[in-house]
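This report describes a sheet and one of the helices beside it. Please have the sequence and the structure in view while reading.

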Amino acid sequence: MPAHNDVAAFQELLRRIASGSHTVAAAGRSPRILALCGAGLSAASGLATFRGSTAALWHTHDPMELATPEAFAADPGLVWRFYAYRRHTALAVKPNAGHYALAALSRSLPTNSFLCLTQNVDGLSPRADHPPESLRTLHGSLFDLRCVGSEREGPAHCDYSVEDDFTEPLVPALATAAEGVDETASKDSDGKPPTLPHIPLEELPQCPKCKSLLRPGVVWFGEALDQEMIKGVDQWVAAGGIDLMLVIGTSAEVYPAAGYIEEARDAGAIVATINLDAESREGLRALASGDFAFGGSAADLLPVLLEPLIGKLEEPKVEA
Ligand code: OAD
Ligand code: ZN
């Protein structure tokens with residue numbers, strides 16, 4: 001049994017998976033590789049992760065407390081400021097070699113042989129030209145907007161939504177946040193975080209169809225994932241054995257996303273974890289026999305690990 005972090009052994013496995021000679025069960029069928037990505041994939045681009053990091057997303061508020069329907073109902077201006085800030089920071093950085101390596105992996109395999117599930121809402125995988133047919137943005141996108149009326153039943157229902165809206169600022173009231181200023185970072189004269197001025201509802205992004213509020217097209221805590229998307233992912237998972245499960249830069253604490261790791265294992269997959277703390281004592285304890293764990297940055301590791309299929313990764317010629 002090779003060591004859990006044996007790069008050559010992993011690369012050999014990848015070659016055998018691609019050629020269908022990896023197991024008797026895989027013989028004669030196309031390879032099947034699933035990936036689950038999290039905030040760690042974008043860390044090398046300069047975006048803060050949610051957990052296990054000292055770089056807070058937004059100084060004085062727990063992002064987990066802002067990413068809820070309840071927070072939005074209570075103070076949509078505050079939540080919109082948080083998202084305007086995140087939109088700006090995501091736009092201000094560039095995809096890294098990890099995003100490009102996964103995009104190249106997708107192109108190197110037959111259609112349907114690779115499915116990349118990302119929990120990231122930062123738009124960096126699409127900007128790295130990851131083929132959309134193999135990418136599922138489980139938690140939505142910072143750059144999608146939809147009417148809050150989409151959650152209403154009956155005559156008040158409104159289905160307005162828009163994708164890839166990169167406007168900055170979305171409205172003048174969000175201009176400061178949209179310049180990447182963390183308005184919560186400064187302190188009052190008494191050392192306390194400032195109370196931000198209230199933004200009236202009519203100054204927040206509005207639905208052009210029904211004049212209700214627009215909200216970010218992301219999945220908040222307590223909300224269901226897009227059912228159509230999940231149906232498609234579940235169908236892919238159920239379509240046959242899975243050879244390899246790549247778990248990249250995620251703490252795998254948030255469900256249902258994290259549940260795909262065990263589903264892949266049940267479908268026969270070897271699990272390879274690529275994460276800064278993959279080789280911590282806790283990380284190694286979670287390994288099953290034959291699994292791989294590579295402790296390091298996804299941006300450094302993915303181009304090397306995937307090289308047998310993607311070749312030497314070239315720096316993108318045109319900036320995304
Ligand atoms: P987390 O912040 O929970 O985990 C990020 C993981 O990335 C940690 O395990 C780090 O060790 C690892 N990491 C950090 N830098 C890395 C690097 N350069 N290379 C590789 N790994 C690195 O982020 P997620 O798992 O994405 O959900 O969090 C899942 C969900 O919780 C998010 O999608 C979001 C969040 O609240 C919603 O908003 C619904
Ligand atoms: Zn509307």
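## Strands β2 and β3

Strand β2, residues 114-118, runs parallel to β3 and is joined to β3 by three bridges. Within β3, Thr137 is the bridge partner of Thr118. Strands (E, at least two residues) and helices (H or I, at least four) are DSSP runs numbered from the N terminus, and two strands pair if DSSP finds at least two bridges between them.

The model is predicted: local features need pLDDT of at least 70, side-chain atom pairs count only at pLDDT 80 or more, and totals for chains, interfaces and linings use all residues. Residues are numbered from 1 along each chain as its sequence is written, with chains lettered from A and ligands numbered from 1 in the order in which they are written.

## The sheet

The open sheet has six strands in the order β3-β2-β1-β7-β8-β9, and the pairing is parallel. β3 (135-137) and β9 (292-295) each have a single partner strand, so one side of each edge strand is left without a neighbour in the sheet.

## Helix α9

Helix α9 covers residues 259-266, and Tyr260, Ile261 and Ala264 in this helix are buried (20 or more other C-beta atoms, placed from the backbone, within 10 Å of the residue's own; 12 or fewer is exposed, and in between is partly exposed). Seen down the axis of α9, the buried residues fall within an arc of 110°, so they line one face of the helix; the arc is that of the directions from the helix axis to the C-beta atoms. Gly259 and Asp266 are exposed on the other side of α9.

The buried residues of α9 pack against several elements, among them β1 (33-37), α8 (227-238) and β7 (244-248); contact requires C-beta atoms, placed from the backbone, within 7 Å. Just after α9, Gly268 has a positive phi of about 100°.

Key
Contact = placed C-beta atoms within 7 Å.
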